[in-house]
Amino acid sequence: MKITVLTALAMLVSAPVFAQGQVEAAAAATRGQIIDLAGSWANRLHEDWIERAPGPHIGDYSGLPINDEARAYADLYQVSMQNMPERQCILYTSQYIVMGPQNLRIEPEVDPISGAIVALHMTGTVDRASHTVWMDGRAHPSKNAPHTPGGFSTGVWQGGTVVAQTTHLKAGLVWRNGVPHSDQATITEYYARHGDMLTITMILNDPIYYEEPFIRNATFELDPQTRVLPEPCEPQVEIPRAPGVVPHYLPGENPYLNEFAETFNLPLEAVRGGAATTYPEYGKKLRSTYKPPAKCTVYCCGGTGLTVPNTNNAACREGDAPTPNP
């Protein structure tokens with residue numbers, strides 16, 4: 001009995017000391033680094049508005065360092081396949097945080113003893129998967145572990161920036177016009193807060209579909225009135241189809257692939273993507289010979305909303321649409 005009592009007393013004395021040690025260790029490890037990322041962040045769509053809001057044009061792969069395999073995949077894509085009941089609830093992968101139009105909520109998970117941030121939970125919404133970045137030093141799972149739309153992410157603090165590494169992604173779409181990434185894709189993300197602005201930079205590496213790393217970023221504004229609610233998916237039959245019918249184009253049969261290039265008077269090579277077309281040198285070469293269309297016919301007055309019409313008459317209410325600058 002004496003041993004039991006003495007042991008209990010020792011535990012009572014040492015517990016606060018041990019807990020205090022955890023607190024001090026956590027504080028020392030992140031001193032001067034941790035910045036609060038919690039809150040509701042509104043996507044103002046001030047960057048890549050066309051691609052993120054109404055969506056990219058069919059056949060527009062400009063700025064994407066894709067290879068022939070990715071190009072062939074996108075050429076066969078029909079967006080109407082997404083209204084098939086078995087495909088309606090397939091989520092975009094976590095890279096869609098910077099590629100899509102949705103808002104974002106970040107909720108830290110805090111260790112109740114040390115106060116250290118264990119994880120950053122990022123909400124999903126509509127058709128984007130939720131995303132958790134583990135900050136507690138855990139290792140990534142085996143390469144044979146299941147792949148999910150959210151992937152598996154671990155993060156560290158570098159100064160005031162969270163740097164996250166994501167693996168174990170399911171195959172998915174990068175752009176909504178069918179440009180894919182494979183299940184071997186990995187993502188590096190940088191979360192940097194500047195006052196009420198949050199910039200997320202994504203670098204996607206994919207040995208299957210990309211010739212070089214693909215880089216995109218998005219900027220969000222802290223807005224406590226922005227609500228990011230869960231939206232459960234319930235499949236419905238939207239368009240009756242015969243069993244086994246999947247909307248698609250056979251190779252060489254997509255009639256819309258040249259539409260974007262013709263609308264903006266661009267050479268087809270420039271809009272088909274590839275690493276060489278993403279560099280400033282290519283843009284300078286193209287500008288020396290480029291002749292803009294005589295008149296703007298689509299997205300003439302821009303916009304930052306999801307429902308801005310893309311027709312000339314509706315977007316520009318007074319007078320003719322402006323002539324594009326070369």
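Not counting residues up to four places away in sequence, Ser182 touches Lys170, Ala171, Asp206, Ile208 and Tyr209; a contact here means heavy atoms within 4.5 Å. Ser182 is found in the loop between β8 (180–181) and β9 (186–194). Helices (H or I, at least four residues) and strands (E, at least two) are DSSP runs, numbered from the N terminus. With a relative accessible area of 6%, Ser182 is buried; that label means under 20% relative accessible area, while exposed means over 50% and partly exposed lies in between (1.4 Å probe, protein chains only).

A word on the source: this is a predicted model, in which local features need pLDDT of at least 70, side-chain atom pairs count only at pLDDT 80 or more, and totals for chains, interfaces and linings use all residues. Residues are numbered from 1 along each chain as its sequence is written, and side-chain values use heavy atoms, with hydrogens and water left out.

Now to Thr166, which is found in strand β6. At 1% relative accessibility, Thr166 counts as buried. Leaving aside neighbours within four places in sequence, Thr166 is in contact with Ser94, His131, Gly150, Gly151, Phe152, Ser153, Thr186, Ile187 and Glu189. The C-alpha atoms of Thr166 and Thr154 are separated by 6.8 Å, although the two residues are 12 apart along the chain.

Here are some side-chain distances to look up in your viewer. A polar contact is a pair of N or O atoms within 3.5 Å; within protein, one must be able to donate a hydrogen and the other to accept it, and residues adjacent in sequence count only if both atoms are side-chain atoms.

| From | To | Distance |
|---|---|---|
| Thr166 side chain | Ser153 side chain | 2.5 Å |
| Ser182 side chain | Gln184 backbone nitrogen | 3.1 Å |
| Asn67 side-chain oxygen | Glu69 backbone nitrogen | within 3.1 Å |

The Asn67 entry sits at the start of α3. In helix α3 (residues 68–75), Ala70, Arg71, Ala74 and Asp75 are buried. They are on the same side of α3 because they cover an arc of only 135° around the axis, the arc being that of the directions from the helix axis to the C-beta atoms. The buried residues of α3 pack against β8.

What about the nonpolar interior? The largest nonpolar core has 43 residues, and Leu120 and Tyr191 have the most contacts inside it. Such a core is a set of buried Ala, Val, Leu, Ile, Met, Phe, Trp, Tyr and Cys residues joined through side-chain atoms within 4.5 Å. Elements that each supply at least two residues of this core include α3, β6, β9 and β11 (214–222). Leaving aside neighbours within four places in sequence, Leu120 is in contact with residues including Leu37, Ile106, His131 and Val162. Another core, of 5 residues, lies apart from the largest one, with Leu45, Trp49, Val298 and Tyr299 among them.

For the chain as a whole, the secondary structure comes to 8 helices and 11 strands. Of its 326 residues, 40% count as buried.

Finally, how confident is the predictor? pLDDT is its confidence in each residue, from 0 to 100. The mean for the protein chain is 84, and 82% of residues reach 70 or more. Confidence is highest in strand β6 (residues 161–167), at a mean of 97, and lowest in helix α8 (residues 312–315), at 44. Over residues 307–315 the pLDDT stays under 50.

Key: pLDDT = per-residue confidence, 0-100.
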